[in-house]
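I begin with confidence and then turn to the contacts.

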Amino acid sequence: MFSPELKKGSVELMILSLLDDQPTHGYELGKLIEVRSAGEIQFNVSSLYPVLYRMENDGWISGRWVEKPGERRRCHYRLTRKGRDVLADQRRQWAAYTAAVNLVIGGSRA
Amino acid sequence: MRDWKAYVRARLALPALRGLRDERIVEELAGQLEDLCREHLARGVPEAEAEELAAAHVTDWDELARRITTAERKNRQPVAAEWVEDRARDLERRGRTGAVAAELVRNIRYALRSARREPGFWAVTVLILGLGIGATTAIFSVVDGVLLKSLPYHQPDRLVYFDGGSFPMPRVADFVEHTTSFASLTGVWDEEMDWTGGDRPLQLNAALVLPGYLELFDAQLAVGRLLLEEDFQGAPHRAVLSWGAWQRLFGGDPGAVGRSLTMDGNPVQIVGVLDAGFASPAGLTGRERDVFVALDPHWQELQVSWWFVIEVYGRLREGVTVAVAQDELDAAIARLADVHPQLHRSRDGNLRAVTLLPLQTSLTGSVRGSLQLLLGAVGLLLLIACANVANLLLARGTERHHELAVRSAIGAGRIRILAQVLTESLIFALAGGLVGVVVAIGGVRAFEMWNPGGIPLIERVAVDGRVLAFALAVSLLTGVLFGTAPALQGARLNVSAMLKEGGRAGEGRDRGRLRRTLVVVEIAMALVLLTGAGLLFNSFLHLTSVRPGFDAAHLAGVELRMGDDRYDEQARVQFVRRLLPRIERIPGVRAAAVSITVPFQYYGGRRRGWWQERYVNDEGAEIEQSTMIQPVSPNFFATIGAELRGDDLSSSAADEFPIPVVLSQSLADRLFEDRNPIGRGFQGLQQQGGLKQLRVVGVVSGLHHWGLDQGDRTMLYVSWERWGADMAMTALVVRTAGDPAAVLPALRDAIWELDPDMALPNVFTVSQRMAQSVATPKFYSALLIAFAAVALLLAAGGIYGAMLYTVGRRRRELAVRAALGADGRRLLRLVLWQSARVTALGLAIGGGGALAATRALRGMLFGVSATDPTTLTAVAVLMGSVALGASLVPAWRAARANPVEAMRAE
């Protein structure tokens, strides 16, 4: 498992990236992160939802109740225009940052 | 499967139920836990265990709540609301009372949040309330300072004034000797004195005071000593200075004590200077005396029954009421009337009654009515503002009601809803109160600056603690007043219908009726104010359109002070004979004359002069007519440009017999009825030798000498040299070709050339005095017009809002009508008709109210009755047109009702 500090720095970027692919709800977001990271990264309820609410309050994402036949309604999140700008910016920063850190620690390119 | 929502709600302690937002969080988290649980179930875990596993995803609920709250707060909550929230949580931990307090605090937070959401609405509401509360507070602070605050004396309630004018000294001595109700009884003789000891001749306001006067009003000394018994012996010769005069005349030099002033030619020694804080009753009314001279009650010259000079003040004994003292005084006067009839009976044999007035009443009696009227008017304005705000709150759209319905649905009881809405109203009102205090401070300054003078105790008017307390009380009261209707409305909401229909169900008949009632009330009250303002304005127009009966625009006047020992009768005649030709040589001067007073030199109640009442006319009939004798120099009437029938008094009038006189038309009518008075003889001018033979040479008509509202007073004009030169009171009147103000300096110089020691405190143009004489009615009518204008505006706003609301609510109906073929004009009429009904009802009620209320104005009106039909009609038409005008926009909107659009909106 990774340290909470590491996760904290990247959670917004992960959520934004996932929502950039397609709008989805909180439970699925948690699952997607877990699956895509091959089980290496997991978020529990207590850490995921406060982040979602903060991002929503900042206007990066917006939630909307969606009802599908035979299912209970869920709150689906999607990127806002502002969220898309933030995502582009964070992606750039992340790439530059990890490249720089790799140079320092002498590892191979990611 | 477990009820996850209940599970989450029981554990997640969010700070407050913030309506839908918090509900969503609960539901979402519950969904998440349910999904996790299902996941475990799908793997074949038994249900109970699956639930435990899911629940284990959240270990620290408090931490989660804190994180969510932090996330939610970001960029959303104002700092104030956050603070309030923290306090609420603190309180809630303290149990039941704490919970109530927390609820209150939350309600405050709601209000603050709604203020952020609807800044425009809040601004308008707070501004309207601020104006209403501010105007009321400003007028209250004037009323408080003038009428309510107690006087700055020890036990001021025990101080009384003997209302009955001035008294001759022997009568005062009778009061002292034959009453026991008074711990102290003393008096003062206000006199103007000329002081000629300095570089320039100066006029001083002197008070000749009986023993005990200064002590009665708590005089304290700054320098020297107070007046002692030995100072009150013989002719006035010892005095104390007021602080102001000490500073002005001596620059605060302590060496002033011991010096002698020459007052009216007599030496008066200064023995002390009064403390800066001392104010005599005259000082409280803005006419502070410069010097207080000891007056010996036994001074020989005072011991006559006909010299009415002493004003009497007293302090009641402990425990004695004004009524008891009055009874004793009445009895004493009745008893003494047989012993000293010349003192206690008037010439017609009636008792000369004296009314004891509490000192404060006596000082403020002249303005009490006007100030109470203003307070009433501004109170009406405040009520209109309240009705207006209540209307605004009711009109606040459906969103708010939806919010209330949600709160109600999630368990808030009626009381809580009521409390929430009322809290919000009170916060509105308090914010309005804050604005009001600012308005009041400005208003009081404006009042002090623009008031026409003559308001006693005005220096004590201040926006102080008392006034702030009043503003607070008024704010709270208005909050309750305008908040009640919306609060009750809120508590009565039909929740399920509201939620179901998106809020429209609550918009029923009730609310429309309530709003229309408020508009009716607004129109009615505005009409009352308008009527008052209209009457005062009409009265002012009548007053200023009175023709004074002389050429007021080109007259200047100078009071000639020839009262001291240097002048006797002969010297005055010589002075005037030398002066008039010099004055007439001044460029721009057309004519000059003297008399004892110039028209408008004194106006209103202050009439000074020589009165006579007995005449025998040409047919031998004895006629009693109180008349003012006005000695004038030759060509007086030509000088002032009066309408004179017959002749002016000629320069030989002083020596002729029978004595030539000019009458006012009113006196001529009284003496000779419809006979032509010119040339007729009669008897009058009583002196020691009985009545004199007089002959009418001229009749002057329409001369308003004492004020535009004073009518044609009965006057008898005689030769100044023969009948006026023995009196100190003399005035020069000058007619100019151009602006009389331009010659004033030249007039002064010409007088000082002849007598460099003459004090000239009164050099004026008559038109300026005339403007002053109508300044008071002008001020009050302007103030009332301002109030009425605001009231009109508010009422117009009220009816505009109500009609807009009605049109909005009936949009569908109007659209259907339009679809069925009603043209725009018909829809316009439909709305205007409704507005007209509301307006008519308001006018009817307001008209009745106005008829009752304007009775209070009676004493202030000139040439207009309190029920003047022209004014009443005019203001009703004005109010009606404004109300209909205000509904034109909503009506026009209705006329354009578009069937398609309205249907689509459904």
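1. Within chain B of this predicted model, confidence is lowest in helix H18 (residues 495-500), where the mean pLDDT is 54, and highest in strand E9 (residues 311-316), where the mean is 94. Chain B as a whole averages a pLDDT of 84, with 89% of the residues scoring at least 70.

2. Where pLDDT is low, the predicted coordinates should not be read in detail.

3. For the model overall, the scores are ipTM 0.85 and pTM 0.69. Where the chains meet, 18 residues of chain B are in contact with 14 residues of chain A. On the chain B side, the elements that give two or more residues are helix H2 (20-42) and helix H4 (61-73), and the residues of that side comprise nine charged, five nonpolar and four polar.

4. How do the axes of helix H26 (residues 775-809) and helix H30 (residues 888-895) of chain B cross? They come within 8 Å and cross at roughly 15 degrees, and the two helices are therefore roughly parallel to each other, in a crossing that is right-handed. Tyr800(B), Met803(B), Leu804(B) and Val807(B) of H26(B) make the contact with Val889(B), Pro890(B), Ala891(B), Arg893(B) and Ala894(B) of H30(B); by class, this contact has eight nonpolar residues, one charged and no polar.

Definitions and conventions. Residues numbered from 1 in each chain as written. Chains lettered and ligands numbered in written order. Predicted model: local features only at pLDDT ≥ 70, side-chain atom pairs only at ≥ 80, totals over all residues. Contact = placed C-beta atoms within 7 Å. Helix = DSSP H or I, 4+ residues; strand = E, 2+ residues; numbered from the N terminus. Nonpolar A, V, L, I, M, F, W, Y, C, P; charged D, E, K, R; others polar. Axes fitted to C-alpha atoms, helices over the stretch in contact; angles between N-to-C directions. Parallel < 35°, antiparallel > 145°, perpendicular 65-115°, else oblique. Left-handed = near helix turned anticlockwise from the far one by under 90°. pLDDT = per-residue confidence, 0-100.
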